[in-house]
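Here is a short report on a structure.

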Number of protein chains: 2
Amino acid sequence: MSWLDQVAWNEKGLAPVITQEFSTKQVLTLAWMNREALALTAEKGHAVYWSRSRQKLWHKGEQSGHQQQVKSIRIDCDNDAILLEVEQIGGIACHTGRHHCFFNKLIDGQWQATEPVIKNPEDIYS
Amino acid sequence: MSWLDQVAWNEKGLAPVITQEFSTKQVLTLAWMNREALALTAEKGHAVYWSRSRQKLWHKGEQSGHQQQVKSIRIDCDNDAILLEVEQIGGIACHTGRHHCFFNKLIDGQWQATEPVIKNPEDIYS
């Protein structure tokens, strides 16, 4: 049995993937993979996700250059969530131009942005 | 508009929650919350999840004593994933008796357990 078959893919054939920066241990993103995306991630050594909005494989960094180089791949105790450790090329994981996607923090009953935009998204994706 | 209404709950009314240990920055678990679980987590100051297998609220640690004391609550750029920073009481987040749930690592094409069992689950849940 392949390690890929041991993943408990959900009813849509997907699993959530936590991506954590290897050097800082900061959680960068939560994204999704299907079987093919996980196979490609292991084979290529960079993160390949399944884009639920575009319904296609998404080689992270294909447009922005902000590739994620994989250091380790882990799975949880019930085999339905994946944890990637990566080095984030360019230091920007978020499409808003921030270091990571979890920049809104609950403070006094409101979500408040606590992280700066490093690069204007128009400059990243132009 | 309440901060709870700003979460992009999925078609089942849930959002995935990454729980990270505040002191070590280790990713402990991926779990799920509904609106009520998130409200209770913020109100009580300890992690309350939605158990998909039991279909009910799950005050983490209610049986084991391994409560998670919340240090911060964050949401991602598209409002559909949550990141908790917690202190893990008892040092055990996983029902297998391990520190965290991501103890299986992909090595040479196989998922291999890389973390010790700290406490026998039979002793945790008896």
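## One residue and its contacts

Leaving aside neighbours within four places in sequence, B:Ile18 is in contact with A:Ile18, A:Val27, A:Leu30, B:Val27, B:Leu30, B:Ala81 and B:Leu83. Contact means that the C-beta atoms of two residues, placed from the backbone, lie within 7 Å.

This is a predicted model: local features need pLDDT of at least 70, side-chain atom pairs count only at pLDDT 80 or more, and totals for chains, interfaces and linings use all residues. Residues are numbered from 1 along each chain as its sequence is written, while chains are lettered from A and ligands numbered from 1 in the order in which they are written.

## Nonpolar core

The largest nonpolar core has 58 residues. A:Ile18, A:Ile82, B:Ile18 and B:Ile82 have the most contacts inside it. Such a core is a set of buried Ala, Val, Leu, Ile, Met, Phe, Trp, Tyr and Cys residues joined through C-beta atoms within 7 Å. A residue is buried if 20 or more other C-beta atoms, placed from the backbone, lie within 10 Å of its own, exposed if 12 or fewer, and partly exposed in between.

## Interface

In chain A, 28 residues are in contact with 28 residues of chain B. On the chain A side, strands 1 (15-21), 2 (27-33), 5 (68-75), 7 (104-107) and 8 (110-113) each give two or more residues. Strand 5 of chain A gives the largest share, four residues. Helices (H or I, at least four residues) and strands (E, at least two) are DSSP runs, numbered from the N terminus.

By class, this side of chain A has 16 nonpolar, eight polar and four charged residues. Ala, Val, Leu, Ile, Met, Phe, Trp, Tyr, Cys and Pro count as nonpolar, Asp, Glu, Lys and Arg as charged, and the others, Gly among them, as polar.

Strand 7 of chain A pairs with strand 5 (residues 68-75) of chain B, antiparallel, over two bridges. Pairing requires at least two DSSP bridges between the strands. A:Asn104 stands opposite B:Ile75 in strand 5 of chain B.

## Helix 1 of chain B

Helix 1 (residues 35-44) of chain B has B:Ala37, B:Leu38 and B:Thr41 buried. Seen down the helix axis, its buried residues fall within an arc of 100°, so they line one face of the helix. The arc is that of the directions from the axis to the C-beta atoms. Their cover includes strand 2 (27-33), strand 3 (48-51), strand 4 (56-59) and strand 5 of chain B.

B:Ala37 counts as buried because it has 23 C-beta neighbours inside 10 Å. Beyond four places in sequence, B:Ala37 touches B:Val48, B:Tyr49, B:Trp50 and B:Leu57.
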